[in-house]
Amino acid sequence: MELFPIHLLFIVVLMNRYILGPFLRRLKGKRFERVDDTYRPRVAVVVPLFNEGQGIFHTVRALLAQDYPRERLEILVVDDCSRDDSVAWAQKAAEGHPNVRVLRNPENLGKRKGINRGVKAAVDAEIIVSVDSDVVVDKSAVRQLIRRFVHPNVAAVGGRTFVSNRHQNWMTRMIEIKFHFAQQWLKDLERSFRQVMCLSGCLTAYRRHVLLQLEPILEARAIAGVPIKYGEDRFLTRQIVKHGYETVYTLDAFCFTAAPSTLAGYFSQQLRWRRSNLVDLLSGLSHAWRLHPVITVHYVSQLALLLAYPVVIVHNLLTGEFWDILAFHFLVIGLLGFIYRMETRHLPEDRRVPGASFLPMALLMPVTYALFTPLALLTLDSGSWETRGSPTTAPAASPSPAKLTSGTTSEGTPS
């Protein structure tokens, strides 16, 4: 009985994410996602780069294949002093393409400042599309993002991410289903009110003038004087909403990225995301009241549950009731796995995974929340790229750094 408030929090979050949000999406129908196919602004795709190796080559080549007017599309790769052959691969991808520029930061500045540099360099662009250096975008991604800018107050439009290595092992299959619900269901409530609170850095388009307006805030982000370089996409999205703009999310613009395939990689990712969630949710409390009332309730309840959930896990361990809560997790996760199977039954086998692949999440969820939420709270001032912190292994056939064309610009001091 003493945990009744936490049970209530769980019900509120569950209702908002899995019932109210999808209900509003179906209720609004075609009004849920308006488009404008006449809008054709000049677009600059900014790709922040750090130790990506050959992967950046495929990222740039996919951007060059976009079905958006070539004369209205520019690609800027901003290298943050990579210690591998990333710049060489970026320059190789740019060969023969005058609309691709490769810039180098004079020192390691972090992802956000790298993107800001690209934004400043794209002086002719009206829309900036931010793309991570480890993703491959679908050929229609840019066009699908642009057609969602239906009103001047729409400042950002985000796309979805698919797991490219979904069939590698049990971990990637589990993450595939997790991504499905995170993108197909969990954003519906925020999408209904055009106040999506987190648009992924993997693939998001912004109005350039809004990024320039917010630049001083983005550059000064710190905790206790320590610059913060993680969670920049969530922080930026919240700042956009805070300043009265609308944020939109679409499933029609998408990209592909490799998910962690080991427990170590998954735990590292979850710790980084947990820090990002905590920092952003706590910082946003001062102005959460400006949101739509429904979104405000959703926002505050998410933070409260995030902080309370580890308490529930520890309480059940101490009272000998952990197996009860674990059984409940398996019940809920099993139900979601069944729903995933029903929703993806029309897809070919290579595009989906078995619904039972989600069951490991029933065990990983309480473990990660009980361990990483307290750890994240104690390390909020971490200021590194983290999972990008070490050099990648260079490909066997590295392109020559000397292969430059007139369409490629290399700036800054090589590391």
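**Close-ups of salt bridges and a nonpolar patch**

**View 1. Glu 219 is partly exposed, at 27% relative accessibility.** What you're looking at here is a predicted model. Glu 219 has a salt-bridge partner, Lys 113, and their closest N and O atoms sit 3.8 Å apart. Lys 113 belongs to helix H4 (residues 111–121) and Glu 219 to helix H8 (residues 208–219), so this pair ties together parts that are 106 residues apart in sequence. Lys 113 is partly exposed as well, with a relative accessible area of 33%.

**View 2. Arg 191 and Glu 33 pair up in a salt bridge.** Check the gap between their closest N and O atoms: it comes out at 3.9 Å. You'll find Arg 191 in helix H7 (residues 188–192), while Glu 33 sits in the loop between helix H1 (4–28) and strand S1 (43–49), so the bridge ties together parts that are 158 residues apart in sequence. Arg 191 counts as buried, because its relative accessibility is 8% and the cut-off for buried is under 20%. Glu 33, at 22%, counts as partly exposed.

**View 3. Arg 148 reaches Asp 252 through a salt bridge.** Here the closest N and O atoms are 2.7 Å apart. Arg 148 comes from the loop between helix H5 (141–146) and strand S6 (154–163), and Asp 252 comes from strand S10 (residues 246–257), so the pair ties together parts that are 104 residues apart in sequence.

**View 4. Salt bridges link up six residues into a network: Arg 25, Glu 33, Arg 148, Asp 188, Arg 191 and Asp 252.** You've already met some of these. How many salt bridges turn up in the whole structure? A search finds 17.

**View 5. Leu 282, Leu 285, Val 300, Leu 307 and Leu 377 make a nonpolar surface patch.** The patch covers about 360 Å². Take Leu 285 as an example: you'll spot it in the loop between helix H10 (263–283) and helix H11 (293–318). Its relative accessible area is 39%, so Leu 285 is partly exposed. That value also clears the patch cut-off, because patch residues need over 30% relative accessible area.

Note on methods:
Residues are numbered from 1 along each chain as its sequence is written. This is a predicted model: local features need pLDDT of at least 70, side-chain atom pairs count only at pLDDT 80 or more; totals for chains, interfaces and linings use all residues. Side-chain values use heavy atoms; hydrogens and water are left out. Patches are made of residues with over 30% relative accessible area and no salt bridge: like charges are joined within 9 Å, nonpolar side chains (Val, Leu, Ile, Met, Phe, Trp, Tyr) within 5 Å. Accessible areas come from the Shrake-Rupley method with a 1.4 Å probe; for residues, only the protein chains shown count as cover. A salt bridge is a side-chain nitrogen of Lys or Arg within 4 Å of a carboxyl oxygen of Asp or Glu. Helices (H or I, at least four residues) and strands (E, at least two) are DSSP runs, numbered from the N terminus. Buried means under 20% relative accessible area, exposed over 50%, partly exposed in between (1.4 Å probe, protein chains only).
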